[in-house]
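Me: I have just opened this one and would like to go through it slowly. Could you take my questions as they come?

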Amino acid sequence: LGLNYAINYEKVTKTTKGKCLSNTYKQESYLWSGRGDVFSENVDSAINICLENNENLLANIIRSYKVRFFIQNNNFEDAYDYYLSYKDEVISTQYPLLIAEFQALASQIYLYKKDYDTARTLSLEAIQLVNVNDSNLPLITAYESLYLIAKSQENYQEALSFYEKFSSAKIAYHDIKTQQQLAYYLARGEIEVKNQRIELLDKDNELLYLQQNIYRNEAKNGRIIMGLFSVLLIVLAIFSYRGLIGRKRFKIMAEFDLLTGISNRYHFNNQAKVALEFCENNSKPVALILFDLDNFKAINDEFGHATGDWALQQIVNICKNFMRNNDVFGRIGGEEFAVLLPSCQADKAVLLAEICHDAITGIDTVSSGHIFTLKASFGVSSSDISGYLLKQLLADADAAMYKAKQSVQDKVVAFN
């Protein structure tokens, strides 16, 4: 299934990064579906495609697949040489999950070589790089190596402890994969339910036509038609109920940003338009705050995307503390956020923007594992100047924010 989607994605993508991504997904599918011959034929070309497009992170992810492929086929010498060739480059990506995967796989190589001390060190380093409460392949591989090392050294008490952790992580990992598969089939089932409802409605139309003929010819047959119609309604009700339950779950997934938990761009626009219509009809003021993180790309490049994700979550959490229940807060771009404030004057919106600005600047980044300063530029627009159209409010707030970035960045500017 993953291979099918990867091939379809490769056909429709127009970007060079898309070509790299589709090849990454294909190699992953070949590896885990047991198609080793196809994997070995295509893995180097997939790496080169990513390198040609400066996608070094994805290229190193594919390299980790190649190391795992060597190990799966008991080709430990080639796995060892390949690991040594690209170990430093993988570490330079500063992407914890990838580095942990490489170190965990290397621990199995040194385990084969019976270099138990090095194998143990690499396994422990891999575990430190990931969240032990999550379920991921590096964690499973590292715990398995530690279990086998302890067993080889006849330290059975420690072997049992690591085996329990290995087994628990493996079960949790498979549970997550099962949930993902279930979510896919639920979505596909909802489509099938819709198709069945259409078919049932077509049959309903046919039954109504027959009912008219039967009433004209013989009144007593009306009871039979009514019985069939009642059964049909019951079936429709059952399918409608099942469809509503499924749609409610996927509605949440479609409307909210998975990383930060606030509205995505689509849901923000819908909620904002409802609020704007209410304020306009009731002659109430409304304001909009637009803010964008300064130099966010530098954070991702220097500290890794995991640190960037952490920063976005912290910013959303701290800004929510200063907002009302009826304010509409959404992530409308990678590091761009918007807040619609119903029944709020422009000066109050500027004050809120200043508060959020100071709170963002004061975020302590030590818990992310790195020390850096977060800064953001804010633009504020209001209905008394921009009117009640969301498009105009966003445009004016964006113009104010652009003005803030043109000056010295990291400040609040109101549109006037």
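Me: How many positive and negative side chains does the chain have, and how far apart do the centres of the two sets lie?

Reply: The chain has 42 positive and 49 negative side chains, with the centres of the two sets 7 Å apart. Lys and Arg count as positive and Asp and Glu as negative, while His and the chain ends are not counted, and each charge is placed at NZ of Lys, CZ of Arg, CG of Asp or CD of Glu. This is a predicted model, in which local features need pLDDT of at least 70 and side-chain atom pairs count only at pLDDT 80 or more, whereas totals for chains, interfaces and linings use all residues. Residues are numbered from 1 along each chain as its sequence is written, and side-chain values use heavy atoms, with hydrogens and water left out.

Me: What secondary structure does the chain have?

Reply: There are 16 helices and five strands, where helices (H or I, at least four residues) and strands (E, at least two) are DSSP runs numbered from the N terminus.

Me: And what is its radius of gyration, next to that of a compact globule?

Reply: The chain has 29 Å, whereas a compact globule of 416 residues would be near 22 Å; the radius is taken over C-alpha atoms, and the globule rule is 2.2 Å times the number of residues to the power 0.38. Along the principal axes, the C-alpha trace spans about 85 × 75 × 45 Å.

Me: Switching to strands, is β4 buried or exposed?

Reply: Seven of the seven residues of β4 (residues 376–382) are buried, so this strand is largely enclosed by the rest of the structure. Buried means under 20% relative accessible area, exposed over 50% and partly exposed in between, with a 1.4 Å probe and protein chains only. Ala376, Phe378, Val380 and Ser382 point one way from β4, and Ser377, Gly379 and Ser381 point the other way.

Me: Which strands does β4 pair with?

Reply: β4 pairs with β1 (residues 286–293) in the antiparallel sense over seven bridges, and with β5 (residues 412–414) in the parallel sense over three bridges; two strands pair if DSSP finds at least two bridges between them. Phe378 in β4 stands opposite Phe291 and also opposite Val412 in β5.

Me: Now the helices: where is Phe102, and what is it in contact with?

Reply: Phe102 is found in helix α6 (residues 96–112) and is buried, with a relative accessible area of 2%. Leaving aside neighbours within four places in sequence, Phe102 is in contact (heavy atoms within 4.5 Å) with residues including Arg63, Val67, Tyr83 and Tyr86. The C-alpha atoms of Phe102 and Val413 are separated by 47 Å, and these two residues are 311 residues apart along the chain.

Me: What about Lys66, buried or exposed?

Reply: Lys66, which has its place in helix α4, counts as buried at 11% relative accessibility. Beyond its neighbours within four places in sequence, Lys66 is in contact with Phe39, Val43, Asp44 and Tyr82.

Me: One last topic: which phi does Asn54 have, and where is its place?

Reply: Most residues other than glycine have a negative phi. Asn54 has a positive phi of about 60° although it is not a glycine. Its place is in the loop between α3 (36–52) and α4 (56–72), and Asn54 is exposed, with a relative accessible area of 64%. Asn295, in the loop between β1 and α12 (296–303), has a positive phi near 55° and is exposed, with a relative accessible area of 53%.
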